[in-house]
Amino acid sequence: MGKKDGKPRGRMSSYAFFVQTCREEHKKKHPTEKVVFAEFTKKCAEKWKEMSAKEKKRFEDMAEKDKVRYEGEMKNYVPGPGEKVGRKKREKDPNAPKRSLSAFFFFCNEERPKVRKDHGDWSVAQVAKEMGKRWEKVTDRSKYEQQAAADKTRYEQAMAIYRGGGASPAKKPAGPPAKKPKPESEEEEDDDEEEEEDDDEDDE
């Protein structure tokens, strides 16, 4: 089914269907338990990695059917008056997962401090230009490409939870500061003082 405005709902990936299924099963088993976003994402990602191709096929079939559904609905979809077909600029959600970085960005994060050290008086544009030149000279980019691939997986997994309505990480309420235990020496001194006071009263 499409959205209320008639526009087809976006298609879901196999991993998104897997996460959705996990959330539904978790709600059935623990209906009153709040889901912690970070922990839930981590558990889903670990479980997904351990699954065999045969176990994942169920969700891949679901994704394939949803793709056919989406493409079919988009063919018959006619934008309303004044509605733009292109992407609309939406207000950025501060709770949305951080976008993944490219291999070049990982290279820049590593190389930028070196450029700044050698050319402390350079502007941002000059530094960026130098980074581009150095990137062109890199023959083995596998290190940065692996980092980018891992970050892309992280982003896709986080977005699957985010789009599925995953809960935000729970914050623990700040309680009163814990009292430090009194040193034994001080307790003994207090006891001695009380005993001395008792002796003084007896003498009177």
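## How H4 and H5 cross

H4 passes H5 in a right-handed crossing, a crossing being right-handed if the near helix is turned clockwise from the far one by less than a right angle, and left-handed if anticlockwise. Helix H4 covers residues 103-118 and helix H5 residues 124-137, and the two pack at an angle of about 120 degrees with their axes 9 Å apart; helices here are DSSP runs (H or I, at least four residues) numbered from the N terminus, and axes are lines fitted to C-alpha atoms over the stretch in contact, with angles from 0 to 180 degrees between N-to-C directions. H4 and H5 are therefore oblique to each other, since angles under 35 degrees count as roughly parallel, over 145 as roughly antiparallel, 65 to 115 as roughly perpendicular and the rest as oblique.

This is a predicted model, in which local features need pLDDT of at least 70 and side-chain atom pairs count only at pLDDT 80 or more, while totals for chains, interfaces and linings use all residues. Residues are numbered from 1 along each chain as its sequence is written, and side-chain values use heavy atoms, with hydrogens and water left out.

## Glu130 in H5

Among the residues of H5 that meet H4 is Glu130, where contact means heavy atoms within 4.5 Å. Glu130 is buried, with a relative accessible area of 18% (buried means under 20%, exposed over 50% and partly exposed in between, with a 1.4 Å probe and protein chains only). Not counting residues up to four places away in sequence, Glu130 touches Val115 and Trp122.

## How H2 and H6 cross

H2 and H6 pack at an angle of about 125 degrees, with their axes 10 Å apart, and they are therefore oblique to each other. H2 passes H6 in a right-handed crossing, in which Phe37, Phe40, Thr41 and Ala45 of H2 meet Gln157, Ala158, Ile161 and Tyr162 of H6.
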